[in-house]
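This report describes how parts of one protein model pack together. Please keep the sequence and the structure in view while reading.

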Amino acid sequence: MPSGWPFSVWFFVAAIVVFAAQMVPILGIFLMLVLVAFWSVILINLGMIGIVFEVLTGRASRGWIFVPLVYFTGYYAFYAADQATLASLRTLYQQHNAGQALPFDRSKQDLLLVKGEGDLHPSPFTFVQHHGLRRAFSATGRVHFMGNREGCRALRDNDVYRSAGLYAFGFHTPGEVSERRLVKGYCSIYGPGQPDRPVVRVTSDDRATHSLFLPVRIAELQAQDEKSGRSIEIRGGYASPLKPFPMPAMGCGLNSGAPSWDCGASFLRDGFTPILADGERFGSMSRSLAKALGLGNSRNYGATASGPEVVRSVGEAADRELVRKELAILSDILSDPFEEQDGSFDHLPNRPDVVAPYADAIFSALGRLQASDETVSENGRSLWSIAAALPEEALAPHRAQLAAWLRPENARRWTEQVSKIYTRLDISDPSQRDTVLLRLESKRGDLASSLLPPFCRMGGEAPQDAKDRLFALWQRRGAEQAGKERVRKIGDVSLYATLLRMGLRAKLGPVEQHYLGSTFAGIWANVSPQTTADICGETSQGLKKRFVRT
């Protein structure tokens with residue numbers, strides 16, 4: 001080191017070396033694990049403070065004092081500029097928003113939120129949870145509302161409502177993440193729905209820009225009463241000012257968009273700092289909009305939440321609309337099964353009562369496809385998904401044909417793509433049982449565990465050929481997995497429970513492994529031919545929850 005140079009310069013050298021090391025992708029990936037990009041924050045600031053100390057104690061030439069002086073003076077000049085710009089924006093936007101008001105009558109009007117440009121958009125449910133609206137709508141054709149305990153229960157495990165597009169989620173109290181708690185007795189629900197009252201339409205847009213040196217994301221909300229034509233504009237957003245203390249970060253990372261390994265250096269900023277004093281941290285401006293609409297804060301969930309009658313009303317309306325759409329697709333397929341149709345059957349498989357009258361036509365169309373030279377048929381796959389949902393009395397006249405078409409030598413490619421249709425075979429018939437067993441034996445990877453419940457229900461009375469072949473399948477899957485991860489997978493949970501209920505305990509033995517070990521131990525301790533058949537309807541995940549031993 002030349003005479004008069006401070007020893008603290010080595011901190012800068014160390015920062016440069018660490019930064020250069022990150023430029024090598026393989027090495028940089030490992031260095032990311034120890035947050036090496038932030039080491040420069042410590043190294044550079046230690047270097048600057050160290051130079052000051054060495055100059056003051058006479059260990060370094062006085063001229064070196066200009067290095068930390070320029071560093072800190074320059075940084076705080078930009079810091080002061082950011083703070084001044086932020087204060088100016090806050091004053092400007094608060095003055096603008098103060099004159100914006102559009103009265104909203106929650107008893108006579110509906111709120112419709114439209115996402116424009118950018119990413120900062122108010123959430124419809126925010127106005128339900130925090131501002132007392134019974135419901136709010138999005139331009140995507142969804143209604144958002146809160147359910148009380150009975151309303152949430154009406155939706156839970158209702159496959160018809162779920163496939164019609166209704167979903168329920170828990171939600172948390174507001175505040176900092178560490179302080180939030182799950183709200184009990186209520187849930188957030190959304191589903192298909194359109195406003196049926198006069199609408200106040202709110203369109204949100206945002207854009208990224210700079211104000212002087214300050215990076216900002218400006219958000220604008222245009223609210224219009226579509227009945228009166230009155231409109232207002234609310235402005236806000238968030239800024240990213242420099243932090244109060246210099247924090248120079250130097251690092252590299254994967255740019256998945258390019259893709260490329262990109263490196264850079266910059267001072268860290270306080271991202272997502274609201275421009276408005278009462279703004280949300282991420283700039284969605286829900287509070288400012290609620291204030292302009294005259295909506296106060298409300299936490300009276302009991303007055304806001306809806307009961308099962310609302311859930312049923314929304315669910316039945318969505319069900320009717322989807323049934324209408326999908327029946328139109330079904331009719332087109334049945335009239336010409338070779339003309340591929342746009343759309344899929346996401347809902348009709350949950351409405352066996354609706355598709356029952358079409359059973360004869362469905363099997364007639366499947367027969368035409370079966371006899372054709374087609375190698376691929378999306379219509380065929382769709383028809384089989386509907387056939388799998390037919391009630392027993394509608395399927396019974398076609399069972400012989402069904403059994404014949406599902407035989408491996410007859411099954412077409414589109415038939416094999418629909419695993420659920422194989423669950424409709426009657427395994428008490430030797431030929432149909434053989435088809436199901438062949439399906440289980442031929443599937444690689446994930447086990448087709450949906451085919452196991454009938455064997456499980458037979459229990460110890462199951463035919464010997466079924467016991468032998470399922471046990472052989474268990475052994476084969478164990479051998480396949482032993483060469484890989486050496487553990488039984490989640491699909492083996494159902495097979496293990498089935499074999500134990502069929503009375504094969506002496507052959508099986510306990511499964512000892514870390515992954516799912518307590519589940520297998522619980523099944524081993526509790527399942528036998530005397531166990532009630534209700535376990536047979538459980539999925540592998542359901543069995544995992546039911547038989548975990550602690």
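Predicted model: local features only at pLDDT ≥ 70, side-chain atom pairs only at ≥ 80, totals over all residues.

Residues are numbered from 1 along each chain as its sequence is written, and side-chain values use heavy atoms, with hydrogens and water left out.

**Helix packing**

Two packed helices are described by the angle between their axes and the distance between the axes. Helices here are DSSP runs (H or I, at least four residues), numbered from the N terminus; axes are lines fitted to C-alpha atoms over the stretch in contact, with angles from 0 to 180 degrees between N-to-C directions.

| Helix pair | Axis approach | Crossing angle |
|---|---|---|
| H1 (residues 9-22) and H3 (residues 39-56) | within 8 Å | roughly 160 degrees |
| H3 and H4 (residues 66-98) | within 8 Å | roughly 130 degrees |

H1 and H3 are therefore roughly antiparallel to each other, a term for angles over 145 degrees. Contact, meaning heavy atoms within 4.5 Å, joins Phe11, Phe12, Ala14, Ala15 and Val18 in H1 to Trp39, Leu43, Ile44, Leu46, Gly47, Met48 and Ile51 in H3. By class, the residues of this H1 and H3 contact comprise 11 nonpolar, 1 polar and no charged, where Pro counts as nonpolar along with Ala, Val, Leu, Ile, Met, Phe, Trp, Tyr and Cys, where Asp, Glu, Lys and Arg are charged, and where the others, Gly among them, are polar.

H3 and H4 are therefore oblique to each other. On the H3 side, Ile44, Asn45, Met48, Ile51 and Val52 make the contact, and on the H4 side Val67, Pro68, Tyr71 and Phe72 do. The contact of H3 with H4 has 8 nonpolar residues, 1 polar and no charged.

**Nonpolar cores**

A nonpolar core is a set of buried Ala, Val, Leu, Ile, Met, Phe, Trp, Tyr and Cys residues joined through side-chain atoms within 4.5 Å, and buried means under 20% relative accessible area (1.4 Å probe, protein chains only). The largest such core has 68 residues, of which Trp384, Leu440 and Leu470 touch the most other members. Apart from it lies another core, of 21 residues, including Leu221, Ala223, Tyr238 and Ala292. With neighbours within four places in sequence left aside, Leu470 is in contact with Leu437, Leu440, Leu452, Phe455, Leu495, Thr498, Leu499 and Met502.

**A covered helix**

Helix H20 (residues 491-501) is mostly covered, with 11 of its 11 residues buried; among them are Asp492 and Arg501. Following H20 is Gly503, whose phi is positive, near 90 degrees.

Notes
Buried < 20%, exposed > 50% of the residue type's maximum accessible area, 1.4 Å probe, protein only. Helix = DSSP H or I, 4+ residues; strand = E, 2+ residues; numbered from the N terminus. Parallel < 35°, antiparallel > 145°, perpendicular 65-115°, else oblique.
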